[in-house]
Amino acid sequence: MRFALSPEQEELRSLARRFFETESSMAEVRRVMETAPGYDTSSWTQLARLGLLGLVIPEQHGGSGASLVEAAVVLREAGRALLPAPLLATSIAASALLGATDDEAAATWLPPIASGDVVGVMATSSASGSWELDDTGLEARHHGRAWLLDGDKGYVVHGAAAHLLLVTATTPSGIGLFVVPADAPGLACTSLPALDPTRRLASFAFVDTPARLICTNRSRMERALDIAAVCLAAEQAGGAERCLETAVDYAKTRVQFDRPIGSFQAIKHLLADVLVEVESARAAADYAAWAATSSPEELPVAASLAKSVCSDAYVQAASVNVQVHGGMGFTWEHDAHLHLKRAMGGKQLLGSPDFHRERLASAVLSPVHPAL
Amino acid sequence: MDLTLPVEAEAFRDGVRSFLREHLPSDWQGVGALDEEQRLEFGRSWREVLSKEGLLAVAWPKEYGGAGLGPLEQFIVAHEFVRAGAPLRPLPGDQHGLSLIGPTILQAGTEEQKAFFIPKILSGEHRWAQGYSEPDAGSDLASLRTRAVLEGDTWVLNGQKTWQTAGDAANWIFVLARTDPAAPKHAGLSLLLLPIAQPGVEVRPIRTLTGHAEFCEFFFTDARASADHVIGGVGNGWKTAMALLGFERGASVAATAAAARVELDRLGELLRLNGKDQDPLVRQRFAWCYARVEVLRHLALRTVTQLLEGGRPGPESSILKLYVSQYQQRVTELAMDVLGLQSTVMSGRGAVAHLGPDPLGGSLDPAAWEGVFLTARGATIYGGSSQIQRDVLAERVLGLAREPRKVSA
């Protein structure tokens, strides 16, 4: 029984932190967020070289065969650094590919994902933004032995950077998970002007787009969605942690009324409350990553719990960070708004806190009765 | 990260479970199902059972009559007892004796003090009350004014203490008193132990906003304590008293987390009974509470991990205090809202608990929820108010500058 990272995991954390401190410094984040792809491809290659893109990918597919706990460690560090690169998207896509039932697709796509040559993203949300698995927004129909997809996907994280899409679609016999190369015929990608400049969003239109069906097992797809939520929660816990540190540092140095503002209880108590939420977020995120790996029957509840707790904690920490920085925190020049926007974006992505709390209520209180 | 129990711990847990099955009555519904008289009667016999099995003081070393259990086993015992609705501290005052002053004597006491007090705590001969707060020394505890003057081999006490939980059931009290008025505020204090049944001690009940007298206040007029009964040495009272607050943290967090879950399960039952489980707003609030309670369990696991690795409870424990007390208010507010107008009438069976949530077997009636709602108002005040906890976290965990304080003796 040990609810703490192992020495190896701690080492991975410091490796990731050191890497992101230089490769995703705030100056670097600000530089790449103004560029067209929204992330730096050479630092992406280095991420791959360090083995950080293939953490959850088995060794036979070019990864390091670690667990989601290790992936969560790195994602938390990425969240601290506001990494603009599609690490979250790729981690989610790799996990979904792994969880699917198509070994050939896994053998084809996992090695280039681990090596950084292919950016994979999962697109489950319909254009309406719903996170219900059944709201796919896509119709899949047979065309000879192949499948063709028609419809729309919205709010796809790093969609424009993707080489490979994993999409849910409604088939005549239920929901299926499909892979679609980004250059497939009949597929159109539109970049969206995201509120969060450090994380690109896109929508996709499918017209008779050929796709490969890789999974029809509903519980495996649900698991993929849960893992996606856990990955984002880990990233949010890191972001919240960073906001607290930034605000505390500033409160120690900013002097007003001849005292550091951090010596005023009005500021102290704001920050102490954030500390409580940050600790809660870390615990919930760690537990969910552990459950994904070692206690799968707990995953649905643990994932919804972590996503709702971490979303709320990050928004609170980012908002307090703006507040404590006062006028400076309201400027474009200061980094506080970048965390606030990341927090507000992440809150709604992959299921809002309200969505996940409703899911928790269904699991632990009672399902909603069908309307009469 | 490994949250599975080791094989030995699993076997230990199974042992605790079969102990509970074996020794609790066959129709057991939890101590919350008993009325006050039944509780006292059950508490007496349950105390005998625990004492015989060595489960009364699970954390204490075996040589002093404890079970010598490690942090994980303590965690398991606390969790299993609370989930089964079986009290860990069967009688009023046991909490103070077994969890507070007992461990303090074991850590800071002399061998003579251990030999004198420890067996009497275990047997129940000594029933303890805590004497810290004073009318003019609450959050600013170190400004306390109860004076003790040494006359020969006896300390003579004068002053007033307040907020003694179960003070009416106690026959001994540990008192933090000023023994050196010339020393700086925190330095001139000592922890004195004295019997209550003496002419210089007067006990009065304090009726709280719940309508019950959960607390007492103590008046000392030339009350006497033996010079042999100073724990931790004269002048070391502050240090000794603060260490006392940190004992059995792991077990107490486990018990708190399990108790919160028992209460939330009961609230879920209430929601299903009155159909409010279908109300989307109620579902949101219930799920928020559920997440809060689960995270509390995660934080408890983390605390146990730290203790297993030899860590001592530090200022981080203020996180838990703040977290739990605020949660208790939120969850009981939800219960009151769910009851709606029913929450305005004190109908049915009332709350059992004096502090904290009702144990297993507690009532679903409005009066019970009203009781825990009112009780929860105190949770953010006693044991260091939320405002003090935030100061502690800000200054000692986040490292922010201290509030300027007047330097005084």
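Below is a short chat about a predicted model.

Me: What are the ground rules for numbering and confidence?
Reply: Residues are numbered from 1 along each chain as its sequence is written, and chains are lettered from A in the order in which they are written. As the model is predicted, local features need pLDDT of at least 70, side-chain atom pairs count only at pLDDT 80 or more, and totals for chains, interfaces and linings use all residues, while side-chain values use heavy atoms, without hydrogens and water.

Me: Which residues of helix α3 in chain A are buried?
Reply: A:Ser43, A:Trp44, A:Leu47 and A:Ala48. Buried means under 20% relative accessible area, exposed over 50%, partly exposed in between (1.4 Å probe, protein chains only). Helices are DSSP runs of H or I, at least four residues, numbered from the N terminus.

Me: Where do they sit around the axis?
Reply: On the same side of α3(A), because their arc is only 155°, taken from the directions from the helix axis to the C-beta atoms.

Me: Switching to A:Lys341, which side chain of opposite charge is nearest?
Reply: A:Asp196, 7.9 Å away. A:Lys341 is buried and has no salt bridge, which would take a side-chain nitrogen of Lys or Arg within 4 Å of a carboxyl oxygen of Asp or Glu. Lys and Arg count as positive, Asp and Glu as negative; His and the chain ends are not counted.

Me: What sits over the ring of B:Phe116?
Reply: The charged end of B:Lys120, 3.9 Å from the ring centre. The criterion is NZ of Lys or CZ of Arg within 6 Å of the ring centre and within 35 degrees of the ring normal.

Me: Is B:Phe117 buried or exposed?
Reply: Buried, at 0% relative accessibility.

Conventions
Helices (H or I, at least four residues) and strands (E, at least two) are DSSP runs, numbered from the N terminus.
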